[in-house]
Amino acid sequence: MDFDLSPRSAQQLFDGEGGSYHTWSSSEFPLLAEEKVAAGRAVLQPRGFALPHYADSSKIGYVLQGSDGIVGMVLPNSSEEVVFRVKKGDVIPVPPGALSWWYNNGDHSEEVVVVFLGETSKAHIPGEFTYFFLSGGQGIMGGFSTEFISRAYKMNEEEADKLAKSQTGILLIKLEPGIRMPHPNMEIGEKMVYNIDAALPDVDVRGGGVFKALTAAGFPFLEEAGLSVNRVKLEANAMYSPSYTADGTFQVFYVARGTGRVQVVGIGGKRVLDTKIQAGQLLVVPRFFAVAQIADSEGMEFVSILPGKSRAVEEFASKKSVWNALSPVVSQVALSVTPEFEEFFKSNMQKTTVLIPPTNYI
């Protein structure tokens with residue numbers, strides 16, 4: 001396996017008055033296709049509207065910025081539109097084939113920014129989301145002939161042409177002032193959205209940071225996407241200690257804030273990546289490879305996804321370490337150390353979690 005694992009920034013795919021969409025291309029980031037994972041980032045300007053669409057992949061949206069977003073969704077095998085509000089920190093599962101639209105309901109200057117992370121095992125292009133828009137310059141309605149549209153909707157040709165071709169915008173458009181979108185349903189929103197930023201931490205270490213894991217057990221709707229989500233906030237110079245996925249799946253990290261350093265160790269104990277990583281970049285870690293990060297002086301925050309309903313991550317340097325599961329004599333001979341040093345080694349791990357404060361932290 002010989003891929004460039006370097007973290008990558010997104011490329012702008014579309015920019016218009018209503019907002020922009022940025023993506024990571026599998027042709028320039030081949031590891032995406034290899035691991036069958038994809039990512040994109042949408043920026044909605046005030047009154048920016050993402051036209052109704054569905055995609056060929058399962059994904060989650062994580063709101064990086066904004067407080068007044070509205071999402072409408074029609075789930076597969078459902079004839080009902082559900083509308084809910086989203087804000088910074090929200091996780092929104094989007095099952096494959098689910099129809100959705102996204103809107104920035106703010107009238108001021110605040111953007112709504114959403115990063116999408118997902119798996120593409122059934123996608124047309126492995127490593128990329130393919131979107132199918134209902135309307136607009138790239139819409140399904142405009143793709144059918146006037147004859148087919150008129151037959152399907154019982155219209156004459158002039159009416160059919162108007163239906164299919166009136167909307168000329170693509171992807172994201174800006175709505176005129178005064179248009180009132182459907183009112184969000186708070187009760188439904190509680191079932192469709194989970195604010196991971198506001199959730200209680202699974203791990204909270206003074207000087208180290210905060211770790212939060214979200215699975216279908218805590219957020220049932222997440223099961224529809226078949227993914228689990230992690231949210232990590234590292235304090236200055238803290239470490240997210242080495243780990244790997246034990247079920248043969250990938251790990252994907254999107255850096256939401258700050259900078260740091262990342263190392264990845266792969267086949268044959270070879271360090272295949274040792275580099276800086278910064279906000280806005282995507283890191284893909286191949287299956288079974290071990291990864292660790294250390295934040296710079298300003299700290300670092302990232303969100304990550306794993307396929308499956310539960311986390312299957314093994315740690316190397318915490319009290320949950322696989323080393324601690326091994327018999328003392330096995331660890332001793334495997335490391336070629338004395339019994340005393342083996343005991344010292346394991347006793348140090350009993351004091352740590354997956355988040356490790358800097359060595360000089362008091």
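Helices (DSSP runs of H or I, at least four residues) and strands (runs of E, at least two residues) are numbered from the N terminus.

## The model and its fold

The structure is a predicted model, in which local features need pLDDT of at least 70 and side-chain atom pairs count only at pLDDT 80 or more, while totals for chains, interfaces and linings use all residues. Residues are numbered from 1 along each chain as its sequence is written, and side-chain values use heavy atoms, with hydrogens and water left out.

The protein contains 8 helices and 24 strands. Its C-alpha trace spans about 85 × 40 × 35 Å along the principal axes. The radius of gyration, taken over C-alpha atoms, is compared with a globule rule of 2.2 Å times the number of residues to the power 0.38. For 362 residues a compact globule would have a value near 21 Å, and the protein agrees with this at 23 Å.

## Surface, burial and charge

A residue is called buried under 20% relative accessible area, exposed over 50%, and partly exposed in between (1.4 Å probe, protein chains only). Of the 362 residues in the protein, 49% are buried. Accessible areas come from the Shrake-Rupley method with a 1.4 Å probe, and for residues only the protein chains shown count as cover. The protein exposes about 17700 Å², of which carbon and sulfur atoms supply 52%.

For the charges, Lys and Arg count as positive and Asp and Glu as negative, whereas His and the chain ends are not counted. Each charge is placed at NZ of Lys, CZ of Arg, CG of Asp or CD of Glu. The protein has 32 positive and 41 negative charges, and their mean positions are 3 Å apart.

## Contacts and the nonpolar core

Contact means heavy atoms within 4.5 Å. Among contacts in the protein with a separation of 6 or more, 73% join residues 24 or more positions apart.

In soluble globular proteins, nonpolar side chains tend to be buried together. A nonpolar core is a set of buried Ala, Val, Leu, Ile, Met, Phe, Trp, Tyr and Cys residues joined through side-chain atoms within 4.5 Å. The largest such core here has 85 residues, and Met73 and Leu282 have the most contacts inside it. Leaving aside neighbours within four places in sequence, Leu282 is in contact with Pro7, Arg8, Trp24, Phe29, Leu32, Ala39, Leu117, Val252, Phe253 and Tyr254.

Gln293 belongs to strand β22, which covers residues 290–307. Because its relative accessibility is 2%, Gln293 counts as buried. Apart from residues up to four places away in sequence, Gln293 touches Leu234, Ala238, Met239, Tyr240, Phe253, Arg261, Val262, Leu283, Met300 and Phe302.

Ile294 also has its place in strand β22, but Ile294 is partly exposed at 38% relative accessibility. The residues touched by Ile294, not counting those up to four places away in sequence, are Asn237, Ala238, Met239, Gly260, Arg261 and Met300. Ala238 is 56 residues from Ile294 along the chain, yet their C-alpha atoms are separated by 5.7 Å.

## Residues in loops

Two loop residues have a positive phi although neither is a glycine. Lys36, with phi of about 55°, is found in the loop between α1 (31–35) and β4 (37–44). A relative accessible area of 37% makes Lys36 partly exposed. Arg47, with phi near 65°, lies in the loop between β4 and β5 (48–55). At 19% relative accessibility, Arg47 is classed as buried.

Pro76 is located in the loop between β7 (69–74) and β8 (82–86), and its relative accessible area of 39% makes it partly exposed. Beyond its neighbours within four places in sequence, Pro76 is in contact with Pro96, Gly97 and Ala98. Pro76 and Gly97 are 21 residues apart in sequence, and their C-alpha atoms are 6.3 Å apart in space. Glu28, in the loop between β3 (19–23) and α1, is partly exposed with a relative accessible area of 47%. When neighbours within four places in sequence are set aside, Glu28 is in contact with Arg8 and Gln11.
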